[in-house]
Amino acid sequence: MQISPNEDKIPVVGSTSSPQGSGEGLCFSDGRRKVDYVLVFHQRRHSSIRSPASTSVSHDRLSIVSNGNFPPSVGSDAAAGRGGEAASVGEVFVELGGAGGSEPTEPADHEMRLIRQEFEANLLEAGLEIERDRELKTHGPSFTRIHAPWPVLCREAEFLKIKVPTKTSYELKEESGFGSSVSTLWRKMNQPFQPKVPHQDHERTKFLSHCFSRDKLHLYNITSKDTFFDNATRGRIVYEILRRTVCVRTCQTIGISTLIAKGVYDAAFPLHDGDYKVIGHLEERNDRQVLHDEWARYSAFYKYQPVDLIRKYFGEKIGLYFAWLGVYTQLLIPASIVGIIVFGYGVATVDTNIPSQEMCDESLNFTMCPLCDGACDFWHLSTACGTARASHLFDNPATVFFAIFMSLWAVLFLEHWKRRQISLSFSWDLTGIEEDEEHPRPKYETILLQKRQRKQKVKKKKKKNEAAIEKLTWKDRLPGYFINVSSILFMFGLTFSAVFGVIVYRITVSALMAMSPDPETKSNVRVTVTATAVIINLVVILILDEIYGAVALWLTELEIPKTETNFEERLILKAFLLKFMNAYAPIFYVAFFKGRFAGRPGNYVYVFNDYRMEECAPGGCLIELCIQLSIIMLGKQLIQNNIFEIGIPKLKKLVRAIKDKGSAEKEMDEERPPQQWNLDYALAPFEGLTPEYMEMIIQFGFVSLFVASFPLAPLFALLNNVIEIRLDAKKFVTELRRPVAVRAKDIGIWYNILSGMGKFSVIINAFVISFTSDFIPRLVYQYMFSQTGTMHGFIDHTLSYFNVSNFKPGTAPQNSELGDITFCRYKDYREPPWSPDAYTFSKQYWCVLAARLAFVILFQNLVMFLSLVVAWVIPDVPKTIVEQLKREKKLLVDVFLREEKEKFQLIQSLFSKDATLHPGSHVLHPSQAPPIPGRYSTLPPCPMQAMGSDRGGGEGPRARCRAASFSQFTRKIPPSPRNENENSRHTAV
């Protein structure tokens, strides 16, 4: 349907002034029809909405409640043609054109209005019903409410293959014997942790579900047409219509997303189920209020999430996110307990650890080489006693066990999630669903249209006839790909530059503090420099994180992905790559590069020819890695995940409130309570789950990748997630507009990222244990070089000798407080100065290096093998689900066979009846009857009437066939099929 340029009238339905009359803002003004979706646009300039483009007045009017049909006449005739419905709705028409009396609007506003007219007319033609406010706003938002009537819901549910419960149900099989008593005990113990959600008692009974079909309405338990499809499903159905509705004449676009991108509409969203604050009895709570009370409160932190209700209210995609987050948080509990035990082992054995005792023993008197050139003096190793003791808390034999445990934990988590996901797919009726067909994105459509227009101009010049362009090719995307690659490489360079800048800061500040005359400043050099450098790192990471998020979005737009799924996957990969590098680059540097390229006394590596490359602390680099990891992890979670998530939405809400203050004051003067669509429009729009997943994936990296250096990481992740779940819940329930319910079978590309990180964590932990910690050097010393087979003498074994006379001129200490020093020690495996191969790597160095590489290979293969065993032992699909799927399939077949049998008997009885009424006529035997097309389908409408008319007789009652449902044959058949709603008529047999 197209609107002519002189279209001059638009339907406007007045809303009642009483909120009670409209179901608290959830219904049309008649108080019966639900508002399933809301479109919002702004009146920007003038109080009049007259169109200068029209000089003649057309007498066509769009009907609100006639599914897009034009009434045959205007005025009272139109009302009479629709019965009493128009009067009850209170339909009025506003002049849009005509001669004069008002200021003209801007051409852009007029064009937008024409597009809206055409779009809404096409929505009416699709069967939707529309309502607007009677009063005309001079500025501010105007709301178009949309309602999907029952025939439209049925039609679209069949197209979308929405699964609905049938009348047939069965009891889920309970375990018997010992398993039954254990599960009963477990349910009783879990009872205090269960949320108080209504209708949770029927979890042992399951209704068979089947894709909705208008031919099988008798199979479904339809108690009320208004509530058979829940609000989330109704919103999804309307969104599907909005998404595919075209505007051909005005702007050559398809779908509401394109219109929002063009500025025709400001927003489009389904409504929340009323206010989230409970007023009245608890038994009368709507789903939003139940979610708020039982899920979105910090006081409910100890309860399980009502995942089924989350899915019912927000859709499967959001339901799967919170189910995944719940599984991840639950499995962090055993990881946290083991981490605490490992840390406790370090605390318990710190006093009996021989290497740290030797470092703290002043009688051993290890004189170390200076930490900087010229200004720094020789120092005793015993002054680093505190660092050595702290290092043992995280660098002990239990750490290796914990690294193996966490690698297996990551595999166990993924396997457990697979099983949970399949269980949810079964209980949510997602098994066997097909992927929804996706429409192109607005930008893709725009660029494709521009390309077609350019081609048409070339065709006109060359007068060639070529086929129309159907899609964009790699040539169209080549500039975007080139910018993507170069930008990502530049971002990597920026990340490494930031890390290098912090390294330079540490080196220069260490040198400056070492030259300070204050002895207290000198003694605190390492602590001060490490702490301040990590804080700078954290600030840089937070800033670059926000920049990289925006850059990833911009780069993905340049690629011009065709569909939203393609766009989301590409955005996720880019954002993850950039944010992963940003978060972990400083940690990778400390773990694998710091101190490796510093050189040795007399032959140090210098930065900018003046500053020595930094070395690890005497206790090893693992303690510095632990400090770096803990501060970045905790700071990122505290600042970015919590303060930003709470603060930024509040700030945006405040800005919107200030902007809307003027219009709000005018509305206050009218003393009308705000309707639900006003309240929902004031909320922040839903912008996808990518930020929520991303912060959890980065946290998963902190927990799994470098967990060997920080066993308490799972504990801090657990504490964060307990808050994170309730914070996200509160945001979704109270601060965001209701998102469209999106079907999803799994968490998509995030699972692949998690799986990749789990495998990567095995390699990283192997290298952290073998190269960053002192675990391998200790083993090598104890079993190869120790005289007694104990750790006594280990510190002396790891320190090499240096002759101070070999210092380069100007690098030796000027005036040493320790007196005349001939030899100083430094941490490395090198030959002593009296050896023929002075200062070259010693035999011990090559032994330790070989052991380290052997450990990496052994650790990786062992953990990978154990991971495969775990994945093999735990089946992806639970046995109970397999049995229930088979049972459901069998029951569905029985239902349909019974239905076919009833149909066959019915047709047979009709033929027999017709034979008795017309004994002389030729009647087909049931076995010779025209075959039923398809196993479960029915014949075209009323063939018996056609046969009766062919017989030429009007005498005698003719059989009327309406066998869409068997129950319909038992009730009185209406006298005329013309009164039936065309969209909801049943196919006859």
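**Contacts and surroundings of selected residues in a predicted protein chain**

The structure is a predicted model, in which local features need pLDDT of at least 70 and side-chain atom pairs count only at pLDDT 80 or more, while totals for chains, interfaces and linings use all residues. Residues are numbered from 1 along each chain as its sequence is written, and side-chain values use heavy atoms, with hydrogens and water left out.

Asparagine 765 lies in helix α24; helices (H or I, at least four residues) and strands (E, at least two) are DSSP runs, numbered from the N terminus. When its neighbours within four places in sequence are left aside, asparagine 765 is in contact with Ala403, Ser407, Ser704, Leu705, Phe706, Val707, Ala708 and Phe859, contact being defined as heavy atoms within 4.5 Å.

For the protein chain as a whole, 29 helices and 18 strands are found, and 49% of the 989 residues count as buried. Among the contacts that join residues at least 6 apart in sequence, 79% are between residues at least 24 apart. The accessible surface of the chain comes to about 48,900 Å², and carbon and sulfur atoms account for 60% of this area; accessible areas come from the Shrake-Rupley method with a 1.4 Å probe, and for residues only the protein chains shown count as cover.

A pair of aromatic rings is described by the distance of the centres and the angle of the planes. The structure holds 57 such pairs, for which rings of Phe, Tyr and Trp (its six-membered ring) must have their centres within 6.5 Å, with planes under 30 degrees apart counted as stacked, over 60 as edge-to-face and the rest as tilted. Phenylalanine 767 and phenylalanine 771 form a stacked pair, with 5.6 Å from centre to centre and 20° between the planes. Both residues lie in helix α24 (residues 749-772), four residues apart, or about one turn of the helix. Phenylalanine 767 is partly exposed at 29% relative accessibility, whereas phenylalanine 771 is buried at 18%.

Rings also take part in arrangements with charged side chains, and a charge is said to sit over a ring if NZ of Lys or CZ of Arg is within 6 Å of the ring centre and within 35 degrees of the ring normal. Arginine 116 lies over the face of phenylalanine 41, at 4.0 Å from the ring centre, and the charged end of arginine 825 sits over the ring of tyrosine 801, 3.8 Å from its centre.

Side chains of opposite charge can pair when their charged atoms come close. The search of the whole structure finds 37 salt bridges, each being a side-chain nitrogen of Lys or Arg within 4 Å of a carboxyl oxygen of Asp or Glu. In one of them, arginine 145 is joined to glutamate 131, with the closest N and O atoms 3.0 Å apart. Because arginine 145 lies in strand β5 (residues 140-147) and glutamate 131 in strand β4 (residues 129-132), this pair ties together parts that are 14 residues apart in sequence. Arginine 145 is buried, with a relative accessible area of 0%, and glutamate 131 is buried as well, with 1%. A further salt bridge links arginine 243 and glutamate 240 (3.0 Å, N to O), both of which lie in helix α6 (residues 231-244), three residues apart, and both of which are buried.

On the surface, Ile535, Val539, Ile543 and Ile547 form a nonpolar patch with about 340 Å² of accessible area together; patches are made of residues with over 30% relative accessible area and no salt bridge, like charges being joined within 9 Å and nonpolar side chains (Val, Leu, Ile, Met, Phe, Trp, Tyr) within 5 Å. Valine 539 lies in helix α17 (residues 525-558) and is partly exposed at 43% relative accessibility. Isoleucine 547, also placed in helix α17, is partly exposed at 39%.

Technical notes
Buried < 20%, exposed > 50% of the residue type's maximum accessible area, 1.4 Å probe, protein only.
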